[in-house]
Amino acid sequence: MSSAQSTLAIYPGSFDPVTLGHEDIARRTLRVADQLLIAVAHTATQSKRPAFTVEERLAMLEEVFADEPRIRCVSFEGLLVDFVRREGAAFVVRGLRAVSDFEYEFQMAQMNREMYPETEFIFLTPDAHLSFLSASLVREVAQLGGDVSAFVSPTVLSRLSRRFDRGVSVEGTGSVGGEG
Ligand code: ADP
């Protein structure tokens, strides 16, 4: 909960897994907010077959941001606007990589505002070298045995190797990847 003097931002997403792109957006957000709540969505996952459970994604986020006391990581279920309202957040932050992100992000922001007009969305762009990076690409490359060490932090890298060395998804369906 934000106090009267403190600005709370919420950064929602699937974070399957957290990448350096997500990290960049989160740390940039602290330039304009006092506190940041990173919120792993239970339902709004973009991946039909997630690589990591929500609990695993949260554990990775907590490890990655262990050095930053102004960031907390939680999961949430249900509508984002209900969560934003409950937490008393000043705004929702989202990352914009390229034009391809714009349409979805714009629709989502407008729809959320229809439901909860007080919600503000702020869009941040990452450092240029991270602007092509997505969690789904990282999952796919890691699953195929590629080197993703330039795209995720060491803690995420070791979990990815453990997950894909064994070649199982969280549903135990075998391979993970091949999706957008
Ligand atoms: P992804 O799209 O990589 O699967 P999420 O669904 O968890 O990741 O995305 C959560 C938010 O983070 C979205 O607003 C998304 O646009 C943003 N995001 C993801 N990767 C990057 C990146 N490399 N640079 C900037 N923003 C990003």
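In the predicted model, R28 forms a salt bridge with D24, with the closest N and O atoms 2.6 Å apart. Both residues belong to helix α1, where they are four residues apart and thus separated by about one helical turn. An α-helix has 3.6 residues a turn, so residues three or four places apart point the same way. R28 is partly exposed, at 24% relative accessibility, whereas D24 counts as buried, at 16%.

A search of the whole structure finds 12 salt bridges. In one of them, E105 is paired with R94, and the closest N and O atoms are 2.8 Å apart. E105 lies in helix α4 and R94 in strand β4 (residues 91-95), so this pair ties together parts that are 11 residues apart in sequence. E105 is buried, with a relative accessible area of 5%, and R94 is buried as well, with a value of 10%. The side chains of R97 and D101 also meet in a salt bridge, at 2.9 Å from N to O. Here R97 is partly exposed, with a relative accessible area of 37%, while D101 is buried, with 12%. A network of salt bridges links D16, R57 and R139.

R139 is also one of the buried residues of helix α5 (residues 135-143), together with A135, S136, V138 and A142. Seen down the axis of α5, the buried residues fall within an arc of 160 degrees, so they line one face of the helix. These residues pack against α1 (20-29) and α6 (154-165). Helix α5 is followed by G145, which has a positive phi, near 90 degrees.

On the surface, L79, M111 and M115 form a nonpolar patch with about 280 Å² of accessible area together. M115 is located in helix α4 (residues 99-115) and is partly exposed, with a relative accessible area of 36%.

As for the chain as a whole, it contains six helices and five strands. From the N terminus on, the order of these elements is β-α-β-α-β-α-β-α-β-α-α. Of the 180 residues, 48% count as buried. Among contacts with a separation of 6 or more, 76% are accounted for by residues 24 or more positions apart. The accessible surface of the chain comes to about 9200 Å², and 53% of this surface belongs to carbon and sulfur atoms.

Methods
Residues numbered from 1 in each chain as written. Predicted model: local features only at pLDDT ≥ 70, side-chain atom pairs only at ≥ 80, totals over all residues. Heavy atoms only, no water. Buried < 20%, exposed > 50% of the residue type's maximum accessible area, 1.4 Å probe, protein only. Helix = DSSP H or I, 4+ residues; strand = E, 2+ residues; numbered from the N terminus. Arc of directions from axis to C-beta. Contact = heavy atoms within 4.5 Å. Patch = residues over 30% accessible without salt bridge, like charges linked within 9 Å, V, L, I, M, F, W, Y side chains within 5 Å. Areas by Shrake-Rupley, 256 points an atom, 1.4 Å probe, with all protein chains shown as cover. Salt bridge = Lys/Arg side-chain N within 4 Å of Asp/Glu carboxyl O.
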